[in-house]
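Hi,

Here is the structure I promised to hand over.

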Amino acid sequence: MNAPASVGAFCYEGKPFFVRRARRRRRVSISIPNYRVLYSKGGVFLTQKHAKTAKKKEPRLRIIPLGGLGEIGMNMTVFEYGDDIVVVDVGSMFPRDDMPGIDLVIPDFTYLEKNRERIRGYVITHGHEDHIGAAPYVLKELPAPMYGTRLTLALVAQKLKEHRHIEGVQMNVVEPGDLIQLGAFRIEFIKVNHSIAGACALAIHTPVGTVVHTGDFKIDPTPIQGGMIDLARLGQLGNEGVLALLADSTNVERPGFTRTERSVGASFDALFRGCEERIIVTTFASNVDRIQQIIDVASRYGRKVAVTG
């Protein structure tokens, strides 16, 4: 057996302590409150322990897509930092062929239901169904202030009116260039071009960096109204440093570029010129700029316009 052998004795706070170690091991077997015992060939040393302080965990930025990735529709993204949550877009999706009997598909927002007290607001990039279609269902369960441009919020308000019993939602109209503060997030609205008026990208400034969320956009050098995308501000953000870029632009993976919306007006003119028959034009009801061009060219050629749908 390795019987412990005494290597010294001393007093601590009036009490005797004997320091022992195993004969064949260089290990001291002693415990003294608030002190650490060190043994070496030169003797036994006491060093005062420093109280261990629990390392405080720094909050992390979490970006959680609840829909809209790898699919057309249901755009909804959660930004979370510490105790604050901001939701960007609340979109829906039209049912696929393999969904018989389903009228509308909305994101699973169970995570938000479990964290409802942390939601600081909803920020909407534009008024297409795939970005606002789930608003009545989400706001009914999880009411919070909503921010968007005038047309965007008008379309949301109409949806809430159709569903009834959804009242008291605070609607906050913003313009490109505006800044709002929602908890730890400072959100900047940036002008972009899209097939609906009032579209904005977002620069989401957080304690750990800036995230750019483009929403849906295209680069149109000659839009019908409202000016072109604010490339200067996006470039400035790039120079300042961007933590993450979340970008969405239809057919962006295809080479080339999309024709400007203004060129569509020239095509309408060619179709109306010299035509004596009835002309039927279909388009998205939300594409106000295109509808305006149709009405303009019809007026130019003395046509009467009937709108349906």
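Gly91 counts as buried because its relative accessibility is 0%; buried means under 20% relative accessible area, exposed over 50%, and partly exposed in between, with a 1.4 Å probe and protein chains only. Before going on, please note that this is a predicted model, where local features need pLDDT of at least 70, side-chain atom pairs count only at pLDDT 80 or more, and totals for chains, interfaces and linings use all residues. Residues are numbered from 1 along each chain as its sequence is written, and side-chain values use heavy atoms, with hydrogens and water left out.

Back to Gly91, which sits in the loop between S7 and helix H1 (110–114). Helices (H or I, at least four residues) and strands (E, at least two) are DSSP runs, numbered from the N terminus. Leaving aside neighbours within four places in sequence, Gly91 has contacts that include Met74, Asn75, Pro107 and His131, a contact being heavy atoms within 4.5 Å. Gly91 and Ile106 are 15 residues apart in sequence, with their C-alpha atoms 6.9 Å apart.

**The chain and its cores**

The chain has seven helices and 15 strands, and buried residues make up 38% of its 309 residues. Of the contacts with a separation of 6 or more, 54% join residues 24 or more positions apart.

A nonpolar core here is a set of buried Ala, Val, Leu, Ile, Met, Phe, Trp, Tyr and Cys residues joined through side-chain atoms within 4.5 Å. The largest one has 25 residues, and Met76, Val87, Val90, Leu112, Tyr122 and Met146 have the most contacts inside it. Among the elements that each supply at least two residues of this core are strand S6 (76–81), strand S7 (84–88) and helix H4 (150–163). A second, separate core of 16 residues includes Tyr81, Val123, Phe185 and Leu202.

**A helix pair**

How do helices H6 and H7 meet, and at roughly what angle do their axes cross? The axes of H6 (residues 262–272) and H7 (residues 288–300) come within 10 Å and cross at roughly 35°; axes are lines fitted to C-alpha atoms, for helices over the stretch in contact, and angles run from 0 to 180 degrees between N-to-C directions. The contact involves, among others, Phe268 and Phe272 of H6 and Ile294 and Val297 of H7.

Happy modelling!
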